[in-house]
Amino acid sequence: MPRMPRTVVTFGTFDVFHVGHLRVLERAAELGDRLVVGVSADALNERKKGRVPVFSQRERLAIVAALKVVDDVFVEESLEQKRDYLVEHGADVLVMGDDWAGKFDEFNDVCEVVYLPRTPAISTTAIIEHIADL
């Protein structure tokens, strides 16, 4: 019997796109046949992080959508809608960075939840702070 295709869903801001973002998306894609990425809306980022992203929502969507490992993108408008997004996009696997370990286990009833290690010594905040200090 042929194996059913697996859809992997992940979420992120993907602002000031860097190699850490690329690596986590590549590793997420390896867990299935189709990778769908929820890119956080500008307003969501402002509420969550207290600042607007450097790159606009439209720019971040275009950057993520252009990656060969990404099959589809959508705008994540609300953290409270994660379950709805997983169901809507037919997630078999939810992938998040290990800085979120345990925080999304409630979705194990909808799909497998996997936390991937972050790329060491790389963070958007650190990059932004470094640029500001130049």
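Phe55 lies in the loop that links α2 (42–49) and α3 (57–65). The model discussed here is predicted. Phe55 is classed as partly exposed because its relative accessibility is 32%, a value between the 20% limit for buried and the 50% limit for exposed. Together with Val54 and Ile63, Phe55 makes up a nonpolar surface patch, and the three have about 230 Å² of accessible area together.

Ser40 belongs to strand β2. With a relative accessible area of 0%, Ser40 is buried, since the class covers values under 20%. The side chain of Ser40 makes a polar contact of 3.2 Å with the side chain of Glu76. Leaving out residues up to four places away in sequence, Ser40 touches Gly12, Thr13, Asn45, Lys48, Arg60 and Glu76.

The two accessibility values are set out below.

| Residue | Relative accessibility | Class |
|---|---|---|
| Phe55 | 32% | partly exposed |
| Ser40 | 0% | buried |

Val95 has contacts with Val8, Val9, Thr10, Phe11, Ala28, Leu31, Val114 and Leu116, when neighbours within four places in sequence are set aside.

Conventions:
Residues are numbered from 1 along each chain as its sequence is written. This is a predicted model: local features need pLDDT of at least 70, side-chain atom pairs count only at pLDDT 80 or more; totals for chains, interfaces and linings use all residues. Side-chain values use heavy atoms; hydrogens and water are left out. Patches are made of residues with over 30% relative accessible area and no salt bridge: like charges are joined within 9 Å, nonpolar side chains (Val, Leu, Ile, Met, Phe, Trp, Tyr) within 5 Å. Accessible areas come from the Shrake-Rupley method with a 1.4 Å probe; for residues, only the protein chains shown count as cover. A salt bridge is a side-chain nitrogen of Lys or Arg within 4 Å of a carboxyl oxygen of Asp or Glu. Helices (H or I, at least four residues) and strands (E, at least two) are DSSP runs, numbered from the N terminus. Buried means under 20% relative accessible area, exposed over 50%, partly exposed in between (1.4 Å probe, protein chains only). Contact means heavy atoms within 4.5 Å. A polar contact is a pair of N or O atoms within 3.5 Å; within protein, one must be able to donate a hydrogen and the other to accept it, and residues adjacent in sequence count only if both atoms are side-chain atoms.
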